[in-house]
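Here is a quick tour to read with the model open on your screen.

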Amino acid sequence: VLQLARIEKRKMNITLENIDLHETITNIVKTFSLNLKDNNGEIKLDLQADDPLIKADKQHLTNLIYNLLDNAVKFSTENPEIRISTKQNDHELTISCADKGIGIDKKYINKIFNKFYRIPTGNIYNVKGFGLGLNYVKNIVNAHNWRIKVESKPGEGSIFTIFIHLS
């Protein structure tokens, strides 16, 4: 919440440093996997970027990935299956976080990054939160001058892809 307040006031401190994205992802997954034991979940890694060195704020990048993983677990019906992948071409590196959760109806995709927005589910899913996680993700993506894309189908899951321009 404090980070979001700073973002809104444009006073967020982004400290760019050289980061090995694959090492960062692997460390996050090791830590996060403890959360999956209760849900019999699994995270698969498909790290294919040839040169995973990027310039980013390590703490914000870690929080961004953690938020995507947390949502993938929250919005899975049972036994979460998550895949994190990286790819690279001459101009950009991509990180994708894919799940086989409940998915997002097309009419809500443009709203999910709004602060406090929560997709209406009625009493079907008991998911806790304030609708801040994806807003934070979007703000971190913007602060780094990256892009984010969401693909999703109800009942099939979601894929969040972050595009990092390589200089």
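The points below start with the overall layout and then turn to single residues.

This is a predicted model. Its chain holds 4 helices and 7 strands, and 5 of the strands form an open sheet with mixed pairing.

**Overall layout**

- Starting at the N terminus, the elements follow the order α-β-α-β-β-α-β-β-α-β-β.
- The chain has 167 residues, and 43% of them are buried.
- Among contacts with a separation of 6 or more, 70% are between residues 24 or more positions apart.

- At the edges sit strand E2 (42-47) and strand E6 (147-153), each of which pairs on one side only.
- On average, neighbouring strands here are turned by 15° against each other, direction ignored.
- E2 and strand E4 (residues 81-88) run parallel and are joined by 6 bridges.
- If you want a place to look in E4, find Ser85, which stands opposite Asp46.

**Helices across the sheet**

- Thr24 is a residue of helix H2. With a relative accessible area of 6%, Thr24 falls under the 20% cut-off and so counts as buried.
- Beyond its neighbours within four places in sequence, Thr24 touches Ile19, Lys58, Leu61 and Thr62.

**Aromatic rings**

- How many aromatic pairs does a search of the whole structure find? The search finds 1.
- The pair is made by Phe32 and Tyr66, with ring centres 4.9 Å apart. Their planes meet at 80°, over the 60 degrees needed, so the pair is edge-to-face.
- Are the two partners buried or partly exposed? Phe32 has 1% relative accessibility and counts as buried, whereas Tyr66, at 34%, counts as partly exposed.
- Another ring to visit is that of Phe163: Arg147 lies over its face, at 4.3 Å from the ring centre.

- In helix H4 (residues 133-143), the buried residues include Leu134, Tyr136, Val137, Ile140 and Val141. Asn135 and Asn139 are buried there too.
- Where is Asn145 found? Asn145 is in the loop between H4 and E6.
- Most residues other than glycine have a negative phi. Asn145 is not a glycine, yet its phi is positive, at about 60°.
- Asn145 has a relative accessible area of 67%, which is over the 50% cut-off, so Asn145 counts as exposed.

Notes. Residues numbered from 1 in each chain as written. Predicted model: local features only at pLDDT ≥ 70, side-chain atom pairs only at ≥ 80, totals over all residues. Heavy atoms only, no water. Phe/Tyr/Trp six-rings, centres within 6.5 Å; stacked < 30°, edge-to-face > 60°. Buried < 20%, exposed > 50% of the residue type's maximum accessible area, 1.4 Å probe, protein only. Lys NZ or Arg CZ within 6 Å of the ring centre and 35° of its normal. Helix = DSSP H or I, 4+ residues; strand = E, 2+ residues; numbered from the N terminus. Contact = heavy atoms within 4.5 Å. Pairing = 2+ DSSP bridges. Axes fitted to C-alpha atoms, helices over the stretch in contact; angles between N-to-C directions.
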